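This report concerns a protein model with several chains. Please look over the sequence and the structure before reading on.

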Amino acid sequence: MTTLDSSKAGHLGDHHGHHGGSYLTPKGGWLTTVVDWATTVDHKKIGVMYLVAVLFMFFLGGVAALVVRTELLTPVRTVEVQATDAAGKLMVDADGKPVMKSVITGQWLGEMKAKIKGEELTSIDGGNNWYNRAFTLHGAIMVFMVIIPSIPASLGNFLIPLMLGAKDVAFPRLNLLSWYIYVTGSIFAVCSIIIGGVDTGWTFYTPYSTTTDAEYANVVLMVLGAFILGFSSILTGLNFVVTVHKLRAPGMGWFDMPLFIWAMYSTSLIQVLATPVIGITLLLLIFERMFKIGIFDPAMGGDPVLYQHFFWFYSHPVVYVMILPAFGVISEIIPVHSHKKIFGYRAVAFASLGVALVSFLVWGHHMFASSGELGATVFSALTFLVAIPTAVKVFNWIATLYKGSIALTTPMWYALIFLFLFSIGGLTGLPLGTLATDLHLHDSYYVVAHFHYVMMGGTIITFVGGLHHWWPKMFGRMYNQFWANIGAFTVFIGFNVTFFTQFFLGTQGMPRRYASYIDDYQIYHVISTVGSYILLLGFLIHLFVFLHSLVAGRKAPANPWGGLTLEWEATSPPDEHNFHHEPIVRHGPYDFDTTVPPHWDPKDYPLPARPKHAH
Amino acid sequence: MSTLDTRSGIGSDVPLWKRYAAGHHWRSADEEFDACTLGFWLFLATEVLLFAGLFCAYAMLRYKYPEAFLNGSSHLDWRWGCLNTGVLLISSYTMAASIRMFQLDRQAMGKLLLAITFACGIGFLIIKGLFEYTPKLSGWFISFDPALPHYLDFKNGEALGGLFVHIDGYGGKAPGQFFSYAFSDNPFEPLWWSVYYCATGIHALHVVIGMSLIAWCFFRARKGAYGPTHYTMVENTGLYWHLVDLIWIFLFPLLYLIH
Amino acid sequence: MSNAHAAPASHGFDELDPHGAGKHTKHSHHIVSGVTLVGVLGILLVFTALTVGLAQGEKWVMSYFAIELPRWVNVAVAMSIATIKATLVLMYFMLLRYSNPINTIVFLVCLVAFALFLFFTGLDINNRGNIDPIKANQIQAGGIGGIKAGWSKDAAVIDKASVVYWRERKLNEVGPEKFAKMKAAFSHGHAEHAHADTGPTASAAKVKSGTTPGLFDAAAPAAHDEHGGHAEDHAAPAAKPAAGH
């Protein structure tokens, strides 16, 4: 049991944020600075570059989501009405019967497009196509370009070397390359959107993806974009695995690593093992579309369900690439902001690996309606394994909160929001994993609500929470806690209004991916759409809080929350080379009962008065 | 950190590999080497799983249409496949031996073996492209193709002064939509050709990538970049090349030896 | 427990490396002997010859004793030899035998993922329709066409199985006599194929899952009746339009 006072715990006791050599310090004029950032191999800068890129794509995906919700305010209909002549008089035929014509109502996107082109909206399909494109855009961008790289590539890049006490990731140049690959892939996707978008859904299922827009390059561009993004994901994952293996600070054994590192390690393993399969899948899909090779085409003897297996062998593990880093962030936020040692360190660590393992056994539960009976039964049974490691984690976090000295900071609010939303998301997954109930709920709004609770309520909420937790470290500025909290509450309310209603829609039979619906559903759709506008308001508040912090925030101390992991020993923002001296690990990452956090005055942070309890 | 001083006190006539210093974030060059190897093995794992998709498609479709695969495979000559297996195995040997030479600082031999490996890669591509792909896809044979005399009855064209000979009806064994071979016994044979061309084509692409890496190593080796204490690049190029060989070891019996 | 490392050990405790992680690190600078490399190459070439020989042997056994070996024999033999060869390459050329064990672990983990992929995909794809026949494969043998006969924009659209289309086209072009001659020549080009020896109607002689009975009437009208006995499994799907079209 080693207890160090703060002056020995770090080497930077007297450097509190006043150090000139921070990584953010410009190297010269603006051109020099831009070149410096564009060619940097510094993991911190690359992390920030990822953050900017991901937030930009989040904005695009969010706009698409709002378009989808706005279209759904009213159902798309073809209505028979009495025609009018040029003078505006109701028309009748020779027998005095009214002349009827079809009018399309409730189609916001189609009408807008028709207005822009100066045409009359004649076909319901035109507008429906635009709706299909909008939700595909939303899905593809949010999954491939936002959620997958959000925490691993931005926070992960920034924090992994810092938490390990290393100077950089194992392969810094590869790291920069993977950022450029990410940008290239995103550009492909954006090009595809500009030339007309894709209406296949984000899963690119055959035969949609091999037959729609046959004469255009949209689908190929979008698929190619996803293919390229896969490389970025692989390189980042590979880099992190090697970093964790080889660059831990002296004294840091596997079980002295912060739990964020464990989560990122598991994530990276999944990325390395699953992503190549989507690579070959998308490649075959491109061949299929361009050369009609027939492997996924039933008309030539191929099997479209084979495509679904290929796709989900990657995309199910990737669901855990999305959520595992969030688990890691929560495992950091909760102990730090309740100043209490994490409950069941090893259980949480092994649960991360457990999730990674289970993720490769359950992909078939995405295809209960299309796969065979035997496969579906086996996959359904295996699916329930997922509940074990995730529940272990949730219970451990709650046990950590118990009797902790909880500080209700913005990150902590987000962690609590996560626990609430993720529990709803997880529990509503059970009826979907159960074969019999799934066939009723399959492809309904229930599924939409479920995965938004897990992906957005899990990953995005945590991403924003993690951003608030490490913002002072990343940019050396504090933010306005009051307004950040207001933002958090707004997001929480908006989220639940948007998505909780969708559970009702789904159980009542509203299928996903439809622009039209019966009148009984309209009230739910209206509530949900209003919720999405509240959500927008919440994110705008956060945006202004962050911008205000960058411009006018007060300087952040090195360790604003009293964390014990190594990144809090560096200055805020950290130096170019992270630490003045290679840090030596003398305490565990969560030993709040025995260690004064670095850069803290023991007077501010008295240890619990129970030293005899030492083990 | 202690390796940073390797640059000091050494003159410019010292070979490049002796002057190599590990990246600033590594504790030693050995650590860096180990990390690079681990990183490369992770990359190889992704390559294996990339091919896993092709093997999986092969397995599922062969299980469904065994006769189509049988018929399709009967058009491949196992002797070409066997020859190519030999070429790749020998090149794998020369690659491994080349690394050994650099480890022993026998620069000339190391470079020679790299060149032989590269030549084997070219040989593989020639056999694949000129004697297998081209006739099967188009019906054009090169005049010294040993199989050609068998089909001369159906010759219907020549090109480049008789260097290439066209055999009527032989070509068209193309994947999917482009299949136009008239003598097939099985309606699913286009699928076999899809799998065949995807698998061997993506493998051939890896051969080309491997050859580019070998060429890069060769030019760096001419500048003396590799020696007993620093040969990471050759080592990893070797690993890549062996993986290409490894994939072919499985593709060869699966494609050529069906009966 | 996270503090366990901090207990100062009396026997040469290194503060920078309390777990002794660096002490046992096996750096991969092993130099394999030249003899080993040549030996491994020799064994690999021998095994290549062996796998070809065994494949020929299996065929000889089948024709000599007039028996039908189960299909898996071919695959099992070939894959076993390939696995041995691959192991040799991995251990000696790729130095897994000498390098850090973590590299071997990485490779094995990737093989496990590969195995899971194959196993569960096969489990589903190859067992559809066992309980509910409605979930069985419903595939139009050889396809329903809809693809173009060539690269150009105005190429004809094929409205049947492409194999049949091209067969009929060639028959019209060269006449049945030359067609038969060409088919014989191209099928015998690599005469190892046992079934090709029996000529154009060979497909009728055996039960072949994957062929459609009656598909080749144009070339082999006499063979039509023989299809009757084993037509059940494919005739039914062939009569229905393919799913999704």
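The model is predicted, so local features are reported only at pLDDT of at least 70 and side-chain atom pairs only at pLDDT 80 or more, while totals for chains, interfaces and linings use all residues. Residues are numbered from 1 along each chain as its sequence is written, chains are lettered from A and ligands numbered from 1 in the order in which they are written, and side-chain values use heavy atoms, with hydrogens and water left out.

**Interface of chain B and chain C**

Contact here means heavy atoms within 4.5 Å. On that basis, 79 residues of chain B touch 91 residues of chain C. About 7,700 Å² is buried between the two chains, and carbon and sulfur atoms give 70% of that area. Buried area is the accessible area (1.4 Å probe) that two parts lose on being put together, summed over both. On the chain B side, the residues that lose the most area to chain C are Trp41(B), Phe183(B) and His259(B), which together make up 11% of what that side buries.

Between chain B and chain C there are 10 residue pairs in polar contact, both residues being at pLDDT 80 or more. A polar contact is a pair of N or O atoms within 3.5 Å; within protein, one must be able to donate a hydrogen and the other to accept it, and residues adjacent in sequence count only if both atoms are side-chain atoms.

Four helices of chain B, namely H2 (29-64), H3 (66-73), H4 (78-103) and H7 (232-256), each supply at least two residues of the side that touches chain C. H2(B) gives the largest share of that side, 21 residues. Helices (H or I, at least four residues) and strands (E, at least two) are DSSP runs numbered from the N terminus. By residue type, the side of chain B that touches chain C has 49 nonpolar, 17 polar and 13 charged residues. In this division Ala, Val, Leu, Ile, Met, Phe, Trp, Tyr, Cys and Pro are nonpolar, Asp, Glu, Lys and Arg are charged, and the others, Gly among them, are polar.

**Salt bridges**

A salt bridge is a side-chain nitrogen of Lys or Arg within 4 Å of a carboxyl oxygen of Asp or Glu. The search over all chains finds 17 of them, and two salt bridges cross the interface of chain B and chain C. The table gives some of the pairs.

| Lys170(C) | Asp168(B) | 2.9 Å |

Glu67(B) is in helix H3 of chain B, and its partner Arg71(C) is in helix H2 (residues 71-93) of chain C. Glu67(B) counts as buried because its relative accessibility is 4%, whereas Arg71(C), at 45%, counts as partly exposed. The cut-offs are under 20% relative accessible area for buried and over 50% for exposed, with partly exposed in between (1.4 Å probe, protein chains only).

In chain A, Lys45(A) and Asp36(A) are both buried.

**Backbone geometry**

Most residues other than glycine have a negative phi, and most peptide bonds are trans. A cis peptide bond joins Thr206(A) and Pro207(A), with omega about 0 degrees. Pro207(A) is in the loop between H6 and H7 of chain A. Another cis peptide bond, with omega about -15 degrees, joins Ser572(A) and Pro573(A); Pro573(A) lies in the segment after helix H19 (522-552) of chain A.

Leu160(B), although not a glycine, has a positive phi of about 55 degrees. This leucine is in the loop between strand E2 (155-159) and strand E3 (164-167) of chain B, and Leu160(B) is exposed, with a relative accessible area of 66%. Leu95(C) also has a positive phi, near 65 degrees. Leu95(C) is in the loop between H2 and helix H3 (101-125) of chain C and is buried, with a relative accessible area of 8%.

For Cys82(B), the nearest cysteine sulfur is that of Cys120(B), 15 Å away. Cys191(A) is partly exposed, at 34% relative accessibility.

Notes
A disulfide is a pair of cysteine sulfur atoms within 2.5 Å.
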